[in-house]
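Me: I would like a close look at one part of this protein. Please keep the answer connected and plain.
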Amino acid sequence: MEMRGLDSDGKEFKSSDEMWRQEFGEQGDDDQHKNKNEWYRKGVGYWEGVEASVDGVLGGYGHVNDTDIKASEDFLKSIISERLGTTRKLVALDCGSGIGRVTKNLLLRYFNEVDLEEPVSHFLEAARESLSPENGTVSDDQKAVNFYCVPLQEFTPEAGRYDVIWVQWCIGQLADDDFVSFFKRAKVGLKPNGVFVLKENIAKSGFVLDKEDKSVTRSDLYFKELFKQCGLHLFKSKDQKGFPAELFPVKMYALTTEMPRRVHGTRSKIRSNLPGLIK
């Protein structure tokens with residue numbers, strides 16, 4: 001992709017393709033697959049060294065938890081109202097769930113069942129313990145059901161199970177090709193009218209490669225190009241407000257597998273929901 005970027009050491013790249021070649025090698029190289037697996041191994045290894053706590057999974061910014069959840073809740077409520085309704089049993093998938101922070105504080109208040117996917121085993125065990133009936137955070141009507149300790153690039157959701165597939169602060173761990181193949185596979189997991197919600201850090205332009213945790217922060221334009229490759233359509237988006245100025249901006253995207261329907265009187269609303277370029 002022809003987007004300039006840099007890494008956390010300050011090295012500049014003329015394109016994302018150049019950056020990926022640095023990380024994995026040239027397309028077709030014998031070592032490319034091995035290098036990619038090593039890249040993912042180091043990414044998981046970084047998080048294996050992080051404490052299974054809210055402060056740990058939020059990189060020392062545990063105090064933004066309430067602000068994050070409130071903004072996510074407002075966004076989710078609008079999606080449920082406009083796409084899902086409240087008359088049917090609702091099921092969500094929490095991808096990159098970590099310790100179950102989003103499931104516990106948000107998803108279980110709106111969904112009857114939530115499944116969690118997380119490749120870091122001690123995070124997932126903390127989530128399982130936190131979300132157990134013994135801790136009083138779940139009920140028969142609203143509960144965490146399945147806990148999948150699988151890397152996102154290898155995970156395929158159960159067909160037709162989910163109203164919402166929530167992907168927050170984890171897609172940056174995936175290379176572009178695995179980003180696209182994940183969403184293409186994951187489409188099968190959505191029910192009719194189902195929605196992907198992606199909540200991620202946003203680079204002002206191009207991309208930023210973090211050499212330590214092996215993640216890529218992409219720009220809004222970069223994301224929208226990948227969405228196009230995935231065959232996904234933007235239903236709505238919203239900027240996260242109220243985070244410390246030193247952090248990356250954060251944006252929420254609601255994505256559908258079909259073009260959003262235009263109904264009478266909604267054309268201007270659809271346009272207003274399209275994100276502007278982050279400069």
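In what order do the 7 strands of the open sheet run, and what is the pairing? Please also cover what lies across the sheet.

Reply: This is a predicted model. The open sheet has 7 strands in the order β5-β4-β3-β6-β7-β11-β10, and the pairing is mixed. Its edge strands are β5 (143–148) and β10 (233–239), each of which pairs on one side only. On average, neighbouring strands of this sheet are turned by 20° against each other, direction ignored.

Helix α8 (residues 220–230) lies across β7 and β11, and runs at about 15° to β11. Helix α4 lies across β6 (162–168), β7 (190–201), β10 and β11, and its direction is at about 155° to β7.

Helix α4 covers residues 65–84, and Asn65 belongs to it. Asn65 counts as buried because its relative accessibility is 10%, and the cut-off for buried is under 20%. Apart from neighbours within four places in sequence, Asn65 is in contact with Val54, Leu58, Arg101 and Asn105. With Arg101 there is also a polar contact, side chain to side chain, at 2.8 Å. Ala245 is 180 residues from Asn65 along the chain, and their C-alpha atoms are separated by 15 Å.

Key
Residues numbered from 1 in each chain as written. Predicted model: local features only at pLDDT ≥ 70, side-chain atom pairs only at ≥ 80, totals over all residues. Heavy atoms only, no water. Helix = DSSP H or I, 4+ residues; strand = E, 2+ residues; numbered from the N terminus. Buried < 20%, exposed > 50% of the residue type's maximum accessible area, 1.4 Å probe, protein only. Contact = heavy atoms within 4.5 Å. Polar contact = N/O pair within 3.5 Å; in protein donor to acceptor, adjacent residues only side chain to side chain. Pairing = 2+ DSSP bridges. Axes fitted to C-alpha atoms, helices over the stretch in contact; angles between N-to-C directions.
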